[in-house]
Amino acid sequence: MELTPKVEEHTIRVNNRKVTYSARGPHDADHIYIGINGLMGGGDSFWPVIEGVPHDWRVLMPDLPGCGGSEPMRKPHAHTVDGYAEWLERFLAALGLYGKKLVLASIATGAPIATRYCLEHGDQVIGLVLHLPFLGKPAIGPKWARPVVAYGLRIRPLRRLVDRLRSSDAIMHRIIIHKPPDAIPQLAERDIRHKQEADLKAAGQLLRDLMLMDARSELPHIEQPVLILASEHDFSAPLPILKQITRRPNRYLYIYRGGQHSWNEEFIDEMNKEIGGFLAKLESPNAYLHVL
């Protein structure tokens, strides 16, 4: 298991805003595997789960705008599901990769972005890999909590309070699972750092959009194969919902038993195996048969 694999580090400009990303694999590859990080995360979140990706594929792991080393977008662009999907198209165009065969991999709140892009660019996307998918408002059970989640970071005084709270390492370590055997400390520290540095206004825009949508309504229109990698006790991805989504052909669900909203070494090893098998099927003529 490689928590910090050898990758290239790059910086480009998209709409004259800085974007940082890491990459691996040949520049002229026919297949591109793209990571879409979760809320206030970063592209390096995908580093432990790319061992299953063939080495003749190009792997791109950008920091979404407002995350990691990437600057937030300027108006009229918005940090919403649509806004990030449109940004991904511009990012690929800036790299000269628009039109390649794509597999989109997401973590948590990146799932609706990957789904939206797939829905709008079905001629390019050949598959989706969704890690611990957060599909919008279904992830927040109590309806009274949805307005709090949706608008909390959009209110300046609350945003200032959150900014003070996230600067405390002690508080962040209470919020984010970081102890073995449930989690890997090195990955938890990366996640904490990202959440302490991310742009709160951008995060607030995305949270509001997520609380107004249900990505399940879009998934029935996705014809491409989908692999969902879930944890049994993940609050953001209820298993009954995921089992319902994967009842149709070309939908695959792996459940890590006993786990929460975090990764440990066993879960990472299993995910890499599942990803490797899934991508092998996508490369074969029978990619759209339920054969996993």
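A search of the whole structure, a predicted model, gives 10 salt bridges, a salt bridge being a side-chain nitrogen of Lys or Arg within 4 Å of a carboxyl oxygen of Asp or Glu. Local features were taken at pLDDT of at least 70 and side-chain atom pairs only at pLDDT 80 or more, whereas totals for chains, interfaces and linings use all residues. Residues are numbered from 1 along each chain as its sequence is written, and side-chain values rest on heavy atoms, with hydrogens and water left out.

One of the salt bridges joins the side chains of Asp 82 and Arg 116, at 2.8 Å from N to O. Asp 82 belongs to helix α1 and Arg 116 to helix α2 (residues 111-120), so this pair ties together parts that are 34 residues apart in sequence; helices (H or I, at least four residues) and strands (E, at least two) are DSSP runs numbered from the N terminus. Asp 82 is partly exposed at 32% relative accessibility, while Arg 116 is buried, with a relative accessible area of 13%. The cut-offs are under 20% relative accessible area for buried, over 50% for exposed and in between for partly exposed (1.4 Å probe, protein chains only).

Arg 116 also meets the side chain of Glu 218 in a salt bridge of 2.7 Å, N to O. Glu 218 lies in the loop between α7 and β7 (226-231) and Arg 116 in helix α2, so the parts tied together are 102 residues apart in sequence. Both Glu 218 and Arg 116 are buried. A further salt bridge, between Glu 232 and Arg 257, has an N to O distance of 3.7 Å. Glu 232 is in the loop between β7 and α8 (239-245) and Arg 257 in the loop between β8 and α9, so the pair ties together parts 25 residues apart in sequence. Glu 232 counts as partly exposed at 28% relative accessibility, and Arg 257 as exposed at a relative accessible area of 51%. Through shared partners, salt bridges join Asp 82, Arg 116 and Glu 218 into one network.

Aromatic pairs were assigned to rings of Phe, Tyr and Trp (its six-membered ring) with centres within 6.5 Å; planes under 30 degrees apart count as stacked, over 60 as edge-to-face and the rest as tilted. The count by this rule is 5 aromatic pairs. Tyr 21 and Phe 91 form an edge-to-face pair, with 5.5 Å centre to centre and 80° between the planes. This pair links distant parts of the chain, 70 residues apart, with Tyr 21 in strand β2 (residues 17-24) and Phe 91 in helix α1 (residues 81-94). Tyr 21 and Phe 91 are both buried. Another edge-to-face pair, Tyr 252 and Phe 278, has 5.9 Å centre to centre and 75° between the planes. Tyr 252 is placed in strand β8 (residues 251-256) and Phe 278 in helix α9 (residues 265-283), so parts 26 residues apart in sequence are tied together. Tyr 252 and Phe 278 are likewise buried. Tyr 21, Trp 87 and Phe 91 form one aromatic cluster.

Helix α5 contains Ile 171, which counts as partly exposed at 30% relative accessibility.
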